[in-house]
Amino acid sequence: MNETTLSGEAKAILERIIRVAFPHPDFPDGAYQRMCEKVVTEAESSTWFRVVLTQGLLTLEAQLAEGERFIDLSDEKALALLRRVEDLEFFGFIRRTTVLNLYGDPDVLQTLGYEGESFSQGGYLHRGFDDLDWLPKARIEETDEAMTEVGPLPYKVRTTAAAHSTGDSPPTEGSGGSSAAAAAGPHPQSGIGAEGKTQQPGEDQ
């Protein structure tokens, strides 16, 4: 129980765990193998994680029926077994390490169609930035949903022309407002009603 060195069998189980937890049929085998080695390397940098990983793999094997081997299970049975141990620390360690590293593997990036950083190549503008043929085509359709009708404003809009017709002077710069603000009317939360009166709490405009 104090053994902290992964055997060849343990590494095979680890690689199988990564494949089942992150199933990508198009990813090359080398990416999963390198991911397995990455998890082992990360574990070797800490005695705690070495113990957590090795003991976790033993716990996983203990869930199997007599004579069963995790690497021989079908994908469905292997996934069901991993769901039973997904809250254990060893699986969290494997999951975190894989998420942070698997999708940065050069072979995985090539499989996904990522062409690498663009700065050193002059950017994407003249290099076919929209040539990712593995992305689904954009779907543009008209909606059948009824559009919400916007009714009239709850107050009269006072324009500059209307102000002149009534003899009022439009607000000037420095007078505390602008013609645009005056035309827009009172702010709904200003406490000023539609007729210019102070609005009491709970009172409708």
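Mentor: Start with the term helix: helices are DSSP runs of H or I with at least four residues, strands are runs of E with at least two, and both are numbered from the N terminus. This is a predicted model, in which local features need pLDDT of at least 70 and side-chain atom pairs count only at pLDDT 80 or more, while totals for chains, interfaces and linings use all residues. Residues are numbered from 1 along each chain as its sequence is written, and side-chain values use heavy atoms, with hydrogens and water left out.

The overall inventory comes before the packing. The protein has 8 helices and 0 strands. In sequence order the pattern is α-α-α-α-α-α-α-α. The protein has 205 residues, and 24% of them count as buried (buried is under 20% relative accessible area, exposed is over 50%, partly exposed is in between, with a 1.4 Å probe and protein chains only). Now take contacts (heavy atoms within 4.5 Å). Among those between residues at least 6 apart in sequence, 60% join residues at least 24 apart.

Begin with helix α1, residues 8-21. Its residue E15 has a relative accessible area of 18%, so E15 is buried. Beyond its neighbours within four places in sequence, E15 contacts Y32, Q33 and C36. Helix α1 also meets helix α4, residues 75-84; their axes come within 10 Å and cross at roughly 95 degrees. Axes here are lines fitted to C-alpha atoms, for helices over the stretch in contact, and angles run from 0 to 180 degrees between N-to-C directions. The pair α1 and α4 is therefore roughly perpendicular (65 to 115 degrees; under 35 is roughly parallel, over 145 roughly antiparallel, and the rest oblique). On the α1 side the contact uses R16, I17, V20 and A21, and on the α4 side D75, A78, L79 and L82. By class, that contact of α1 with α4 has 6 nonpolar, no polar and 2 charged residues. Nonpolar covers Ala, Val, Leu, Ile, Met, Phe, Trp, Tyr, Cys and Pro; charged covers Asp, Glu, Lys and Arg; the others, Gly among them, are polar.

Between α1 and α2 there is a loop, and F27 sits in it. Its relative accessibility is 6%, so F27 counts as buried. F27 touches Y32, L102, Y103, V108, T111 and L112, once residues up to four places away in sequence are set aside. The pair F27 and L112 is 85 residues apart in sequence, and 8.8 Å apart from C-alpha to C-alpha.

Next is α2 against α5. Helix α2 spans residues 29-44 and helix α5 spans residues 89-101; their axes come within 10 Å and cross at roughly 120 degrees. That angle therefore makes α2 and α5 oblique to each other. From α2, the contact takes M35, K38, V39, E42 and A43; from α5, it takes F93, I94, T97, T98 and N101. The classes for α2 with α5 are 5 nonpolar, 3 polar and 2 charged residues.

Then comes α3 against α5. These axes lie 8 Å apart, and the packing angle is about 110 degrees. Helices α3 and α5 are therefore roughly perpendicular. Their crossing is left-handed. The contact involves W48, F49, V52, L53, G56, L57 and L60 of α3, with E89, F90, F93, I94 and R96 of α5. That set for α3 with α5 divides into 9 nonpolar, 1 polar and 2 charged residues.

Zoom in on F49, a residue of α3. F49 has a relative accessible area of 24%, so F49 is partly exposed. Its contacts, leaving aside neighbours within four places in sequence, are A43, E89, F93 and R96. F49 and F93 lie 44 residues apart along the chain, with their C-alpha atoms separated by 8.0 Å.

Finish with T54, also in α3, which covers residues 47-62. T54 has 8% relative accessibility, so T54 counts as buried. The T54 side chain reaches the backbone oxygen of R50 at 2.8 Å.

Key:
A polar contact is a pair of N or O atoms within 3.5 Å; within protein, one must be able to donate a hydrogen and the other to accept it, and residues adjacent in sequence count only if both atoms are side-chain atoms. A crossing is left-handed if the near helix is turned anticlockwise from the far one by less than a right angle, and right-handed if clockwise.
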